Amino acid sequence: MPELETRIREWKRSLAIALGSSGEILEELESHLREEIDRLTQAGHAPDAALTAAQAKLGRPADLAAEYARAVPPARWWPISICRTLLVLLFVYFIWKFVVPGFRPGGNVLLVLHVAAVVAGYAAGFYVGLLGICYVGCWLIHPIGLGQRRSLGRTLFVANAGAALLLLLGMGLGGVWAHDRWGHAWNNDPREIGTLISLLWFTTLTAMLWTVPRKQHLWVLLSVVAISVSVWGWFGPSLFSLQLHSYGLNTTLLYLVVVCTAVPLMVALLGLLPPGRLRRQPT
Amino acid sequence: MMGMKLPKDLVAASAVPLVLSLLEEGESYGYTIIQRVRDLSGGEIEWTDGMLYPVLHRLEAQGLVRSRWDVSEAGRKRKYYALSAAGKRALAEQKEQWNVVHTTLTKLWGMSHA
């Protein structure tokens, strides 16, 4: 019955995507499914019909994932702590180096706060992307457990919401500063538009994580792309902007933008592969 | 009572005491637990098969049941569950709580204990 086995494999794969797990849970559910298929075939059902009936009795993968999500408490996932610590250290360094001097006599506090808020917003965006990359890495070798997925979902929600709020604050402060200085808050500057696009990206992801949490795998992959969006929003305008934010264009920046655009997109595409794809399968 | 289906909330609320009580009888695995509940209730407690496993998972995380993998006679891997000491204590509490509900309702409805 090779066709039956193919259908069971496909079912297991969709279950793995919904549950984010390739471990014991899948084995247990598969064992249950096979028991039910055996019972139904012994009762005279055709194998295909037995599989369809057994799948229906077990429930849709998304519903199963929702049941498990309610049953499993959040569990610690080390990349959350490591990436957070790394970014907080980088942010503190940035504040010390570039923001603190702005509070000295003659510095423009509003402008400095605008820069700090925007940098913190983008840093939160990079945090989201880094977590997504770690998730995809695990996905390809050994997907993280349900409890860890719950922690990741919560963290991504907070980080995306934080990124959106900080970028909004930064844009607001920048607008006030620009209005005081030039009489208009918005200049249609490429970097302003880039920040606005990033803000919309993070806001959309926050809304999706809140309203459709069962599609978490998709939102995590889009979180990886957040790195590309942040890099384009932050550094991209320097490549062609001739206005307010046209500082800092150099070859290193060009490479940075190209690499930070291509790599996350590739990682997000890898996340579309079946779970455990890079793990050596037992024969 | 024939053909009566229990509401979802009541099915969910009774899942833990039912699972713990069944495991009090001895070690068992998911498929059998579902069949036993169906048989004992005369088909009136109809669990979706997928509902049981998250409950077992949670009970295991809470330390109320423990599990082990074994291979059936047909060569299929099965995860067997057994009641832990904490599970026995939790079941005793559940019995008391459900007895309170049962006794109260029985008095209210003017029925006598069987």
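1. Starting with the interface: 19 residues of chain A are in contact with 16 residues of chain B, contact being C-beta atoms, placed from the backbone, within 7 Å. On the chain A side, α2 (24–42), α3 (47–58) and α4 (61–71) are the elements that give two or more residues; helices here are DSSP runs of H or I with at least four residues, numbered from the N terminus. The largest share, eight residues, comes from α2(A). By class, that side of chain A has seven nonpolar, three polar and nine charged residues, where Ala, Val, Leu, Ile, Met, Phe, Trp, Tyr, Cys and Pro count as nonpolar, Asp, Glu, Lys and Arg as charged, and the others, Gly among them, as polar.

2. A word on provenance. This is a predicted model, where local features need pLDDT of at least 70, side-chain atom pairs count only at pLDDT 80 or more, and totals for chains, interfaces and linings use all residues. Residues are numbered from 1 along each chain as its sequence is written, with chains lettered from A and ligands numbered from 1 in the order in which they are written.

3. On confidence, chain A averages a pLDDT of 85, and 93% of the residues score at least 70; pLDDT is the predictor's confidence in each residue, from 0 to 100.

4. Axes are lines fitted to C-alpha atoms, for helices over the stretch in contact, and angles run from 0 to 180 degrees between N-to-C directions.

5. Now α6(A) (residues 109–141) and α7(A) (residues 146–182): they pack at about 155 degrees with axes 7 Å apart, so α6(A) is roughly antiparallel to α7(A). Their contact divides into 21 nonpolar, eight polar and no charged residues.

6. Last, C260(A), found in helix α11 (residues 251–270) of chain A. C260(A) is buried, with 20 other C-beta atoms within 10 Å (20 or more is buried, 12 or fewer exposed, in between partly exposed). Its C-alpha lies 5.7 Å from that of S228(A), 32 residues apart along the chain.

Terms used:
Angles under 35 degrees count as roughly parallel, over 145 as roughly antiparallel, 65 to 115 as roughly perpendicular and the rest as oblique. Two residues are in contact if their C-beta atoms, placed from the backbone, lie within 7 Å.
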